[in-house]
Amino acid sequence: MIDKILDKLKTVEKEKGVEILFACESGSRAWGFASPDSDYDIRFIYKHNLDYYLSLWEQPDVIEFMTEEDLDGSGWDLRKAIKLLAKSNAPLLEWLNSPVIYYKNAAFMKEILPLAEVCFSPLACLHHYLGTTKNFMEVCSAEEVKLKSYFYALRTALAGKWIIEKNTFPPVAFSELLPIAPLEIQEKIMELLDIKAQQDEGYLHPKEVLITDFLIETIEFNQENTGSLASGKKISSELDSFFKNCIE
């Protein structure tokens, strides 16, 4: 499948006239709780030639594709990505820290990763994860729940808790977040992971009160601790210089 993904990315470069700087997996396959029929969520950063950036007119800054092989691709133009980095955009930070990398321009990554570390805002990322967890609570409180919904909520809840307790950007791999959960929650999660690995995305699981209660408690904990977190540093000039160097 990796060869198919790389072939598709090369096709995108040729058809769109861009250069892909970085491509990774983002989603359940990167997080570590994919089902047998899960899509491949390919995310990438690309750049155009200089004329694109010198144009007076606003131009498309996103490339998306979906293939018959379940390759779900979405990429951001370099300028868009850097502007989002300045805001400590959590999805972008997850891309850059993905455990599954399909392609990377070594020079680009050497420059952007330190900038991402400086731009990281514990407060902004916590708000992102907190909001995402809340969005899943209605479906996670039903009598039958898609395991995908449980894991999306658990991952973001634990990511928020990680930020509060460690003041660093949380690991993308779900297995690395698990140790900060209580032991009984870890055991239940491992049980559900085994089930999810054997069921398709449509499988409905009986409500797990232990999990739902933990999610509610963690949301409250994360909300109560937002006031203790700092914002990211503003490094506009450094990011501007990085952008100019990339497009020269």
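Student: In which sense do strand 1 and strand 2 pair, and over how many bridges?
Tutor: The model is a predicted one, in which local features need pLDDT of at least 70 and side-chain atom pairs count only at pLDDT 80 or more, while totals for chains, interfaces and linings use all residues. Residues are numbered from 1 along each chain as its sequence is written, and side-chain values use heavy atoms, with hydrogens and water left out. Helices (H or I, at least four residues) and strands (E, at least two) are DSSP runs numbered from the N terminus, and two strands pair if DSSP finds at least two bridges between them. For strand 1 and strand 2 the sense is antiparallel, and the number of bridges is 6.

Student: Which residue of strand 2 is the bridge partner of Glu19?
Tutor: Strands of a sheet pair through backbone hydrogen bonds, either parallel or antiparallel. In strand 2, the partner bridged to Glu19 is Lys47.

Student: What is the strand order of the open sheet, and which strands are its edge strands?
Tutor: The open sheet has 5 strands with mixed pairing, in the order 3-4-2-1-5. Pairing on one side only marks the edge strands, which are strand 3 (62–66) and strand 5.

Student: By what angle are neighbouring strands of this sheet turned against each other on average?
Tutor: Axes are lines fitted to C-alpha atoms, for helices over the stretch in contact, and angles run from 0 to 180 degrees between N-to-C directions. For neighbouring strands of this sheet, the average with direction ignored is 20°.

Student: At about what angle does helix 6 run to strand 1?
Tutor: Helix 6 lies across strand 1, strand 2 and strand 5. Helix 4 also lies across strands, namely strand 1, strand 2, strand 3 and strand 4 (71–77), and runs at about 80° to strand 4. For helix 6 against strand 1, the angle is about 70°.

Student: How far does helix 6 reach from its first C-alpha to its last?
Tutor: Helix 6 covers residues 106–119, which is 14 residues. The expected span is 1.5 Å times one less than the number of residues, and for helix 6 this gives 20 Å. The reach in the model is close to that expectation, at 20 Å.

Student: Which residue has a side-chain oxygen that reaches the backbone nitrogen of Ala107 at the start of helix 6?
Tutor: A polar contact is a pair of N or O atoms within 3.5 Å; within protein, one must be able to donate a hydrogen and the other to accept it, and residues adjacent in sequence count only if both atoms are side-chain atoms. Here the side-chain oxygen comes to within 3.1 Å of the backbone nitrogen of Ala107, and the residue that supplies this oxygen is Asn105.

Student: Against which elements do the buried residues of helix 6 pack?
Tutor: Buried means under 20% relative accessible area, exposed over 50% and partly exposed in between (1.4 Å probe, protein chains only). In helix 6 the buried residues are Phe108, Met109, Ile112, Leu115, Ala116 and Cys119. With contact defined as heavy atoms within 4.5 Å, the elements they pack against are strand 1 (19–25), strand 2 (40–47), helix 4 (78–86), helix 5 (90–96), strand 5 (101–104) and helix 12 (236–247).

Student: From which backbone nitrogen does a polar side-chain atom of Ser88 lie 2.8 Å?
Tutor: Ser88 is found in the loop between helix 4 and helix 5, and it counts as buried because its relative accessibility is 3%. Beyond four places in sequence, the residues that Ser88 touches include Cys119, Phe120 and Ala124. The backbone nitrogen at 2.8 Å from its side chain belongs to Ser121.

Student: With which residue does Glu94 form a salt bridge?
Tutor: A salt bridge is a side-chain nitrogen of Lys or Arg within 4 Å of a carboxyl oxygen of Asp or Glu, and the whole structure holds 7 of them. The closest N and O atoms of the Glu94 pair are 3.0 Å apart; Glu94 sits in helix 5 and its partner in helix 8 (residues 147–166), 61 residues apart. Glu94 is buried at 6% relative accessible area, and the partner, buried at 5%, is Arg155.

Student: Why are Lys161 and Glu165 separated by about one helical turn, and what is the N to O distance of their salt bridge?
Tutor: The separation is about one turn because Lys161 and Glu165 are 4 residues apart in helix 8. Lys161 counts as buried at 14% relative accessibility, whereas Glu165 counts as partly exposed at 43%. The N to O distance of their salt bridge is 2.8 Å.
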